[in-house]
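Thanks, everyone. I will take one protein chain today, beginning with a single residue and then widening out. Please have the structure open.

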Amino acid sequence: QVQLVEFGGGLVQPGGSLRLSCAASATIFGFYAMGWYRQAPGKQRELVATITTRGGSTNYTDSVKGRFTISWDHPKNTLYLQMDSLKPEDTALYYCSGDSINRRDRFWGRGTQVTVSS
């Protein structure tokens, strides 16, 4: 069973930055794509950003374009989300995900809390 573990959440002031990390228990190339999702209290989980492991194609939700950057480090089997110019509305529990090669399964981490507040 693949395991994904997120790191890097915390409390940051508006306008600040955080970098989230997601360590995978298997090679990143074992996934078709990886991504970050978030869920704020009382809201549904929403896609933040995704990246394909072959080709590195990225996709961002409109509200984070120009502020967040998704990337991965193959030798470290780690996915990243660089978050800049953070806003209070970015406050949420952030989850790492990985889609299997056949795209039939999606694996999830347990999440890391990001709170943007002054």
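Let me start with Ser97, which touches Leu4, Ala33, Met34, Gly35, Tyr37, Arg106, Phe107 and Trp108, leaving aside residues up to four places away in sequence. A contact here means heavy atoms within 4.5 Å. Ser97 sits in strand S9, residues 92-100. Its relative accessible area is 2%, so Ser97 is buried. The cut-offs are under 20% for buried, over 50% for exposed, and partly exposed in between, with a 1.4 Å probe and protein chains only.

A word on provenance. This is a predicted model, in which local features need pLDDT of at least 70 and side-chain atom pairs count only at pLDDT 80 or more, while totals for chains, interfaces and linings use all residues. Residues are numbered from 1 along each chain as its sequence is written, and side-chain values use heavy atoms, without hydrogens and water.

Next, the loops on either side of S9. Which residue has a positive phi of about 50° although it is not a glycine? That is Ser85, in the loop between strand S8 (78-83) and S9. Ser85 counts as partly exposed because its relative accessibility is 40%. Arg103 also has a positive phi, about 65°, and is not a glycine either. Arg103 lies in the loop between S9 and strand S10 (106-108). With a relative accessible area of 56%, Arg103 is exposed.

Now the whole protein. There are eleven strands and zero helices; these are DSSP runs numbered from the N terminus, with at least four residues of H or I for a helix and at least two of E for a strand. Of the 118 residues, 41% are buried. Among contacts between residues at least 6 apart in sequence, 53% join residues at least 24 apart. The radius of gyration is 13 Å, which agrees with the value near 13 Å for a compact globule of 118 residues. That radius is taken over C-alpha atoms, and the globule rule is 2.2 Å times the number of residues to the power 0.38. The C-alpha atoms fill a box of roughly 40 × 25 × 25 Å along the principal axes.
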